[in-house]
Amino acid sequence: DPTGSYFTSTGSILSGLVTRSLTQYVYDPTQKSMVLVPDIATDLGTPNADFTQWSFTIRNGVRFENGTRVTAADVAYGIKRSFDRTAFPDGASYSNDYFLEGDAYRGPYRSGTDYAGVVVKGNTLRVKMARPFPDMPYWAAFPAMGPIPERGSDPATYWRHPLATGPYKFAKYSPGKSLTLVRNDQWDPNTDPGRHAYPDRYVFKLNRDADQTDAVILGDSAQAQTALSYDTVLGHDLRTARRSDRLTSGSGPCAFMFWPDYRKITDIRVRKALGYAFPYRHWAALAGETLGTTAIPGTSMLPPGFPGRQNYRVLDTQPGETNPEKAKALLRRAGYAPGEFRITFAYADDNFSARRKDLLVRGLGAAGFKPVPLGPLTYDELFTVLDDPKAPVNVRTDSWCFDWPSGNAWLPHLFASDGDHNNAYFAEPAVDKDMKRIGRLPLDKQPAAWGAFDKMLMKHYYPGLITKYQAVTMLHGTKIAGMNADPVYGMPTWKDIYVKQ
């Protein structure tokens, strides 16, 4: 069901091929990034002065697969469904978080269709907010922000065949086994600024063994020539995949961090020393990854493919390079003898965590720190420690994945004094003020401002280090073309794929 779709696989397939929303993404091959463009709306929306109201005009000529014309009222009904956390418990909650009365309205099935936050007038849709929401055009690209007809939209059954507005529609769906999409003859490419309909059909085979999938595609049988996979290629198949020239690589939406507690490790030289000391390559290898191929070395906070991201380095090493001697030199300059500065971290009671603990003990010790592991802990105990600001640790490991490529969806969560994922306990009033200022700039001004802010934050504060960015490495057959890596979803760019004859 588009309203409940919040997973990268279902979200990208629905948005790329089946259902349309107010806005959408297209792939920019020059920047290797996704660009936000209109979809069934004529533009990216018009806000009022403080971003507490957005207006969208719905295009003419958009139809459901049954031939019914899509109206602004259909979009409004789709938006109203997005408030229902009971019918769609796995769906994103941004409507509840930002829209007018989002904490009280429960969607059309529980609260009725009379909702003051969405107003329809002709082919114009006006959405009212409870607080400023400059990123509304990004939320508008989710499948949940598209048209759904009131009749026949029962959440208990609609997921089996959501009505298509994109170039493909459901032909056959066996949950957990397969999905076949065929052309939607009611889709008009003249109304769609981003999608194409090149292949005659898509046949998705679900829950397949990754090893077997790699072997089939690399075998290059007649069927494999028009096949692709969005599983990351397994390490032992990488060399063969590279030689075949059928590997699509790029970045995904996630980054992984090592956070010094800003309240306890107050000297930037010590925080930078941790950056030199961290065993990046071995850390990735323990997870079966190769830094530079199946994982990307970290530099900036914003990941690759992020609009406005700047390429820079804070440390005097190549990204992903460990240098214990530089770490020792920084610790000496900060006034600490070898083995004097204690680094305390928690680890879980499983073999993988124990191996990572041993790796950190060796790496931090070689760099002049005194590593003090806390554990082994049960996972309940571990998460309690990681979430407890008073826990007896001074570093934490963590990750963050963006829902859309805006600094608002990334940096304030991690670095605002009241950020909901500020596991470094970083707090600087000037930084808070700067993030609020940038977050209220017009949408087209924000990327450059967030990129500059990211560079300033890392160079002046170095609040943490990126252990790796998510990478995607996907196989495709010899006749597949137009397949790139979508860094928003970490999936193929479905809209552009075609079969070479």
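Reader: What makes something here count as a cavity, and how many of 30 Å³ or more does the structure hold?
Author: A cavity is a set of points on a 1 Å grid over the protein atoms alone where a 1.4 Å probe fits but cannot get out. The structure holds three of them of 30 Å³ or more, volume being the space filled by probe spheres set on the points, which are joined across faces, edges and corners. Bear in mind that this is a predicted model, in which local features need pLDDT of at least 70, side-chain atom pairs count only at pLDDT 80 or more, and totals for chains, interfaces and linings use all residues. Residues are numbered from 1 along each chain as its sequence is written, and side-chain values use heavy atoms, with hydrogens and water left out.

Reader: What volume does the largest cavity have, and which residues lie nearest its centre?
Author: Its volume is about 180 Å³. The lining of the largest cavity takes in 17 residues, each with an atom within 4 Å of a point. Nearest the centre are Tyr280, Gly298, Thr299, Leu315 and Tyr462. By class, that lining has nine nonpolar, six polar and two charged residues. Ala, Val, Leu, Ile, Met, Phe, Trp, Tyr, Cys and Pro go down as nonpolar, Asp, Glu, Lys and Arg as charged, and the others, Gly among them, as polar.

Reader: Why is helix 15 called roughly antiparallel to helix 16?
Author: Take helix 15 (residues 429-439) and helix 16 (residues 446-460): their axes come within 10 Å and cross at roughly 165°. That makes helix 15 roughly antiparallel to helix 16, since the label applies to angles over 145 degrees. The axes are lines fitted to C-alpha atoms over the stretch in contact, with angles from 0 to 180 degrees between N-to-C directions. The contact (heavy atoms within 4.5 Å) involves, among others, Met435 and Ile438 of helix 15 and Trp450 and Phe453 of helix 16. By class it has eight nonpolar, two polar and one charged residues.

Reader: What makes helix 9 roughly antiparallel to helix 11?
Author: Helix 9 (residues 268-277) and helix 11 (residues 324-333) pack at about 170°, axes 8 Å apart. That angle makes helix 9 roughly antiparallel to helix 11. Members of this contact include Arg269, Lys272 and Tyr276 of helix 9 and Lys326, Leu330 and Arg333 of helix 11. By class, there are eight nonpolar, no polar and four charged residues.

Reader: How do you know that the peptide bond from glycine 375 to proline 376 is cis?
Author: Omega is near 5° there. Most peptide bonds are trans. Proline 376 lies in strand 13 (residues 369-377), strands being DSSP runs of E with at least two residues.

Reader: And what is the phi of glutamate 101?
Author: Near 55°, a positive value in a residue other than glycine. Most such residues have a negative phi. Glutamate 101 is in the loop between helix 3 (94-98) and helix 4 (108-111), helices being DSSP runs of H or I with at least four residues.

Technical notes: Parallel < 35°, antiparallel > 145°, perpendicular 65-115°, else oblique. 1 Å grid on protein atoms, 1.4 Å probe; cavity = no way out; pocket = protein on both sides within 12 Å on 5 of 7 lines; lining within 4 Å.
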